[in-house]
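These are my notebook entries on a single protein model. I went through its aromatic rings, its nonpolar cores and its sheet in turn.

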Amino acid sequence: MGAEDSLSGFGNSCNGSLFNPATSEPSSYSAGAALVALVAYPAYLLHVSLNLQKQVLLYVVRLILGVTCWLSMCGIQKAVQQCLGVTCASAFMLLCAIQFHLPFYMSRTLPNTFATAVLGFALADWVTGAHPRRLICLLAFSTIVFRCDLLPLAGIVALHLLLTRQISRQAGVVTGVLAGAACLALTVLLDSWFWQRWLWPEGEVLWFNTAQNRSSEWGVKPFHWYFTSALPRALLGAYPLAALGYLLEPRVRRYVQLVTLYIALYSFLPHKEVRFLLPVLPVFNIAAAAALSRIWKNRCKPAWLLPSIVAALLLASTACATAVMLAVSRHNYPGGHAMHELHKWQDEQKGPQKGLFYVHIDVLPAMTGVSRFGEYGPAWRYSKEEGLAEHTLQQHDFTHLLSASSNVTG
């Protein structure tokens, strides 16, 4: 259930349209989506009163989420400044800004994005070591509400807190149990209300991925893929800089080691995507920033001339690669483009247009840009019902189809 459904729910819960979501699978971020929708509700009222397109709400929601993620990165920057200095903190923000994947996903309404925002605040507490109880609460919230696959990371960090005596065993257990119970109650109650059945979305995901071991149904990548493909693409020039920072700055080593352990454990799941690593990318950027900080402080020394040149080339190549990927990413959403063209084509048809337009959206368009923010007024209805064979589509009342097939019978 996304922010678009939550916004619709605030305005339409009386007539029951909230309980007709445009997706068939329970998603795992209703708590975050509801909070974003609540903040965006004044814009929704303006949208209704002025009869604006829903796309305006998309910009508002993404702005709110993007600012939230940016604030979490600022929290990490403040923690880095406190522990590693101003230069390292500035380098950290520079790396985050010139990379592609982290800024690209920071405003997307995905559970990974909500988890990244929460984990950003948690990472700041982890680096400073000042608030272990709050850190445990943030880990519980991000894991139970948004991304169950963060469970190994939560366990690793909690164990690290205990072994380094940042929190006592009793305090850690009590805090974890209470935070876990509160987060579980929140997501179960809220998501069950949205979906009109009792469920814990991330529990279903955890059961699907681990107990049933069915994540491979979404695609399979080799064990080493995160280290040899995902991290190089996500970090770009920061990847080799993070390795250098690990060697030069002892204070970042434990964080890199523990996050690397988490990624290694996570690699046993056959299905892998770059966005699954978003919450831990800032850790590698901290290590890379430590390397840049050391190079900058020694830039006037002859022995550091070559490292300075290499670092500058890595930053420049990162910015160039980001520009290229940004240009290419504009073409990643054929489903959204097709939906826009459908509405445009229907508006251009001559003659009276009466009655409802009923659109069936196939799996591929639904995964490539179609969202409720792109819906086009009360005369249009949309269905994402899955499992419909092509020869049965004519048995429904669909007036239009968005499909990956070039020719659909009937």
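The entries below record what I looked up, topic by topic.

**Basis.** I worked from a predicted model, in which local features need pLDDT of at least 70, side-chain atom pairs count only at pLDDT 80 or more, and totals for chains, interfaces and linings use all residues. Residues are numbered from 1 along each chain as its sequence is written, and side-chain values use heavy atoms, with hydrogens and water left out.

**Aromatic pairs.** I looked up the ring pairs and found 16 in the structure. Rings of Phe, Tyr and Trp (its six-membered ring) pair if their centres lie within 6.5 Å; planes under 30 degrees apart count as stacked, over 60 as edge-to-face and the rest as tilted. One of the pairs is Phe141 with Phe146, edge-to-face at 5.2 Å centre to centre and 85 degrees between the planes. I then checked accessibility, where buried means under 20% relative accessible area, exposed over 50%, and partly exposed in between (1.4 Å probe, protein chains only). Phe146 is buried at 2%, whereas Phe141 is partly exposed at 24%.

I next took Phe223 and Phe268. Their ring centres are 5.0 Å apart and their planes stand at 65 degrees, so this pair is edge-to-face. The pair links distant parts of the chain, 45 residues apart: Phe223 is in the loop between α10 (201–211) and α11 (225–235), and Phe268 is in the loop between α13 (253–266) and α14 (281–297). Helices (H or I, at least four residues) and strands (E, at least two) are DSSP runs, numbered from the N terminus. Phe223 is partly exposed at 41% relative accessibility, and Phe268 is exposed at 62%.

I also noted one aromatic cluster, formed by Trp225, Tyr226, Tyr262, Tyr266 and Phe276.

**Charge over a ring.** Here the criterion is NZ of Lys or CZ of Arg within 6 Å of the ring centre and within 35 degrees of the ring normal. Lys221 lies over the face of Trp225, 5.3 Å from the ring centre.

**Nonpolar cores.** I counted as a core a set of buried Ala, Val, Leu, Ile, Met, Phe, Trp, Tyr and Cys residues joined through side-chain atoms within 4.5 Å. The largest has 91 residues, and Trp126, Ile263, Leu277 and Ile286 have the most contacts inside it. Helix α3 (residues 55–84) gives the largest share of this core, 11 residues. Apart from it lies another core of nine residues, among them Phe357, Ile361, Val370 and Tyr382.

Leaving aside residues up to four places away in sequence, Trp126 touches Leu135, Val157, His160, Leu161, Tyr255, Leu258 and Val259.

**Sheet.** I traced an open sheet of three strands in the order β2-β1-β3, with parallel pairing. Two strands pair if DSSP finds at least two bridges between them. Both β2 (380–383) and β3 (400–402) stand at the edges with a single partner strand each, so one side of each is left without a neighbour in the sheet. Four bridges join β1 (residues 357–361) to β2, and Val359 has Tyr382 as its bridge partner in β2.

**Ser308.** My last entry concerns Ser308, found in helix α15 (residues 305–329). Ser308 is buried, with a relative accessible area of 18%. Not counting residues up to four places away in sequence, Ser308 touches Ile295 and Arg299.

Definitions and conventions. Contact means heavy atoms within 4.5 Å.
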